[in-house]
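User: I'm new to reading protein structures. Could you walk me through one, feature by feature?

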Amino acid sequence: MTENIVIDTMVFILTLVDGSKLNDEEKKQRPLVLKYMDGLEKGDYLVHLPRISVTEICGVARWKGGEGPAIAVKNRLSQWVSMGLIKLYDLDEDRMWAASDLAIKHNRSKNSSLSAPDAVLIGLAEELNTNLITFEKYFLSVSPKAEIPA
Amino acid sequence: MTMALARPLTYAVSAPIASPRKGKGKIPAEALRYFSEGVALGQLGKHQEELAAYDEALRHREDFPEAWYNRGVTLGQLAKHQEALAAFDEALRYREDFPEAWYNRGVTLGQLGKHQEALAAFDEALGYRKDYPEAWYNRGVALWELGKHQEALLAFDEALGYRKDYPEAWCNKGVALGLMGKHQEALAAFGRAYEFRDRLADGGANLYRLWALDSLAHALDGLLNQNIRAFEEGGLKYIDIFEKSQRDGPDFVGVVEDTLAQLKARLKKRKEQKAFEELEVFIRLMKIKDPFEGWKALGKEISKVWPKGHSVRKAVREMRR
């Protein structure tokens with residue numbers, strides 16, 4: 001049976017970076033996220049994403065990998081969307097207010113607020129009542145839907 | 001920046017005439033017999049004997065423009081351009097309203113590098129016969145050679161107005177548009193040429209080369225002008241052309257693959273070379289059809305340049321600032 005999940009941008013990027021290039025903590029996390037990629041391929045997971053996540057993934061790919069690979073990332077994600085493996089969501093008015101409420105209720109830390117993409121991502125997981133796969137520990141205090149792979 | 005990478009296809013001669021025009025004085029039977037014999041020999045590829053037959057026909061009737069004309073065509077096929085030119089001139093001496101002779105006079109002059117005179121000959125041909133796509137096409141080639149690219153484009157369009165299934169004209173239209181930086185339109189024109197590629201003398205090898213080069217130029221222009229859509233469009237079109245070549249045969253695959261090296265050799269500026277490297281990576285990655293294998297290949301490529309020990313979390317957070 002296909003499980004619906006929302007995935008944080010970081011999870012996607014972790015599948016793109018070889019373990020040898022990662023720091024120690026992320027080296028341990030990488031094998032955990034690869035199962036989501038396998039599951040996506042096998043149809044075990046249907047990934048739900050706010051549209052801004054695609055922009056984030058492309059942006060990080062461009063920043064660290066160059067234009068050619070980043071444009072290829074964009075095309076692959078587009079291919080997955082066309083294949084129905086990823087479902088994208090607009091930031092409509094209801095989602096905007098839900099994300100705004102999250103940003104009002106929660107700070108990321110004492111020194112920083114919840115970012116807009118974070119709030120939109122968490123809001124989507126709550127709206128769809130699905131798990132949000134992330135390695136951001138502060139997400140756990142924001143939403144019960146956040147789940148850190150272990 | 002506009003990439004000007006290609007020259008158009010060149011002048012094209014026309015076939016001999018099978019029978020003389022009627023109603024302009026009776027041609028003696030002997031002359032007609034030799035003329036027909038010449039045509040038949042030409043169809044068998046026996047060009048020396050063909051020439052001898054036309055000479056016999058002309059011995060029986062000197063003012064026989066079609067025999068002079070066919071003699072010229074055959075001499076042209078044998079690359080005897082000066083003699084061919086003299087034969088077309090004889091044909092026109094006896095019959096001025098002979099568009100095919102003017103046309104082939106133009107082709108021959110073009111082959112001799114006399115493009116301005118060739119242009120005048122094509123204009124004469126078109127004066128007698130406006131619906132003459134081959135003359136329009138070759139007029140376009142002459143204009144191109146004279147550096148009048150915009151006018152050449154109009155001439156190719158005229159040719160296509162009279163004959164849609166004209167791959168050389170589509171191809172040269174593509175070259176002209178590409179030179180003007182109108183790559184989207186150029187790629188569409190090459191696409192039309194591809195529909196009729198079976199009619200091209202080389203089976204489409206040159207078309208593949210020109211088409212692939214223009215797709216790469218489109219992509220490179222896109223990246224250099226920060227037009228990502230154009231980069232994608234050009235890169236993906238190159239892959240599409242590559243896949244078509246795979247279906248058409250290994251020779252064509254080689255032609256398409258070679259265009260990458262041809263383009264690379266022309267790039268002198270560091271900025272262009274860097275853009276080309278990005279394009280090569282993109283093409284390599286997008287050639288992989290399986291989306292998951294493609295993602296893994298992407299991972300390998302990004303990992304090559306990802307700074308060692310740089311946190312993914314930090315990168316994403318910086319992106320979200």
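This is a predicted model: local features need pLDDT of at least 70, side-chain atom pairs count only at pLDDT 80 or more; totals for chains, interfaces and linings use all residues.

User: Okay, which residues of α14(B) are buried?

Analyst: Quite a list: B:Ala275, B:Phe276, B:Glu278, B:Leu279, B:Val281, B:Phe282, B:Ile283, B:Leu285 and B:Met286. The helix itself covers residues 270-286 of chain B, 17 residues in total. From first C-alpha to last, α14(B) reaches 24 Å, close to the 24 Å expected at 1.5 Å a residue.

User: And what do the buried residues of α14(B) pack against?

Analyst: In chain B, their partners are α11 (205-224), α12 (228-248), α13 (250-266) and α15 (291-305), and they also pack against α4 (67-82) of chain A.

User: Now chain A. How do I read its layout?

Analyst: Count the elements, then follow their order. Chain A has seven helices and five strands, and along the sequence they go β-α-α-β-α-α-β-α-α-β-α-β.

User: How do strands hold on to each other in a sheet?

Analyst: Strands of a sheet pair through backbone hydrogen bonds, either parallel or antiparallel. Here the five strands of chain A form an open sheet in the order β3-β2-β1-β4-β5, with parallel pairing. At the edges sit β3 (86-89) and β5 (146-147) of chain A, each pairing on one side only. Zooming in, β2 (residues 45-50) of chain A and β3(A) share four bridges, and A:Tyr89 in β3(A) is the bridge partner of A:Pro50.

User: Which strands does α2 of chain A lie across?

Analyst: Helix α2 (residues 24-42) lies across β1 (3-7), β2 and β4 (131-133) of chain A, at about 110° to β2(A).

User: Last one: what does the radius of gyration tell me about chain A?

Analyst: You compare it with a rule for globules. A compact globule of 150 residues would have a radius of gyration near 15 Å, and chain A agrees because its value is 15 Å. Its C-alpha atoms fill a box of roughly 35 × 35 × 35 Å along the principal axes, and 43% of the 150 residues in chain A are buried.

Notes
Residues are numbered from 1 along each chain as its sequence is written. Chains are lettered from A and ligands numbered from 1 in the order in which they are written. Helices (H or I, at least four residues) and strands (E, at least two) are DSSP runs, numbered from the N terminus. The expected span of a helix is 1.5 Å times one less than its number of residues. A residue is buried if 20 or more other C-beta atoms lie within 10 Å of its own, exposed if 12 or fewer, and partly exposed in between; C-beta atoms are placed from the backbone. Two residues are in contact if their C-beta atoms, placed from the backbone, lie within 7 Å. The radius of gyration is taken over C-alpha atoms; the globule rule is 2.2 Å times the number of residues to the power 0.38. Two strands pair if DSSP finds at least two bridges between them. Axes are lines fitted to C-alpha atoms, for helices over the stretch in contact, and angles run from 0 to 180 degrees between N-to-C directions.
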